[in-house]
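I opened this model to look up its charged pairs, its sheet and its surface. My notes follow in the order I worked.

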Amino acid sequence: MVSGRGAKAKGDNYERELAAYINKEIFRGEEIVSRTPLSGGGVHTGKADLEGLKYLSVEAKRTEKFSPHTAMRQAVDAAGDKNIPVVITRKNRVKTGDSWVMLKLSDFLPM
């Protein structure tokens, strides 16, 4: 089990990894999406973990013991009234592209 600084580094790295993956897959490598500074480490700043995704507020979680309600609550808090709260998560040894995406049904259906 990773704790303390190791867990923070793992989370920070996942946020960077997600930003790079999204930039590659959607924006042809252009750096549009980035990690929000000081977004991780157990200190929730009220901001999404990723910046640059219009209409989305992303909470990134790389954990073996996923707590969906807590993660979604953080995404909702960061989203405010204008953005769609989204949680992206993966476990260790899972490829970034195989991460799971979670959002509320009421936000999903209009898509």
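**Entry 1**

I began with E15, which is buried, with a relative accessible area of 3%. I use buried for under 20% relative accessible area, exposed for over 50%, and partly exposed for what lies in between (1.4 Å probe, protein chains only). Salt bridges that share partners join E15 with K8, D12 and R35 into one network. A salt bridge here is a side-chain nitrogen of Lys or Arg within 4 Å of a carboxyl oxygen of Asp or Glu.

Before going on, I noted the ground rules. This is a predicted model, where local features need pLDDT of at least 70, side-chain atom pairs count only at pLDDT 80 or more, and totals for chains, interfaces and linings use all residues. Residues are numbered from 1 along each chain as its sequence is written, and side-chain values use heavy atoms, with hydrogens and water left out.

How many salt bridges does the structure hold? I found six. I followed the ones in this network.

R35 pairs with E15, and their closest N and O atoms are 2.6 Å apart. R35 lies in strand β1 and E15 in helix α1, so the pair ties together parts that are 20 residues apart in sequence. Helices (H or I, at least four residues) and strands (E, at least two) are DSSP runs, numbered from the N terminus. R35 counts as buried, at 17% relative accessibility.

D12 also forms a salt bridge with R35, the closest N and O atoms being 2.8 Å apart. D12 sits in helix α1 and R35 in strand β1 (residues 34–35), so this contact links parts 23 residues apart in sequence. D12 is buried, with a relative accessible area of 9%.

The K8 contact stays inside the helix. K8 bridges to D12 with closest N and O atoms 2.7 Å apart. Why are K8 and D12 separated by about one helical turn? The reason is that they are four residues apart in helix α1 (residues 5–26). Is K8 buried or partly exposed? K8 counts as partly exposed, at 36% relative accessibility.

**Entry 1: the sheet**

I moved on to the strands. The order β3-β4-β5 makes an open sheet of three strands with mixed pairing. The edge strands are β3 and β5, each pairing on one side only. The twist averages 25° from one strand to the next. For that angle, axes are lines fitted to C-alpha atoms, for helices over the stretch in contact, and angles run from 0 to 180 degrees between N-to-C directions.

Two strands count as paired if DSSP finds at least two bridges between them. In general, strands of a sheet pair through backbone hydrogen bonds, either parallel or antiparallel.

I checked each pairing of β4. Strand β3 (residues 56–62) and β4 run parallel over seven bridges. L56 stands opposite I84 in β4. On the other pairing, β4 and strand β5 (residues 100–103) are antiparallel over four bridges. In β5, W100 is the bridge partner of T89, and V101 is that of I88.

How covered is β4? Strand β4 (residues 84–90) is mostly covered, with six of its seven residues buried.

Then I traced the connection. β3, helix α2 (residues 68–79) and β4 make a right-handed β-α-β unit. Right-handed means that, with the strands pointing away from the viewer, the path from the first strand over the helix to the second runs clockwise.

I looked up N83, which is in the loop between α2 and β4. N83 counts as partly exposed, at 31% relative accessibility. N83 and L53 are 30 residues apart in sequence, yet their C-alpha atoms are 9.6 Å apart in space.

S106 lies in helix α3. S106 counts as exposed, at 54% relative accessibility.

Which residues form a nonpolar patch on the surface? They are L105, F108, L109 and M111, with about 490 Å² of accessible area together. Patches are made of residues with over 30% relative accessible area and no salt bridge; like charges are joined within 9 Å, nonpolar side chains (Val, Leu, Ile, Met, Phe, Trp, Tyr) within 5 Å. The areas come from the Shrake-Rupley method with a 1.4 Å probe, and for residues only the protein chains shown count as cover.

M111 counts as exposed, at 64% relative accessibility.
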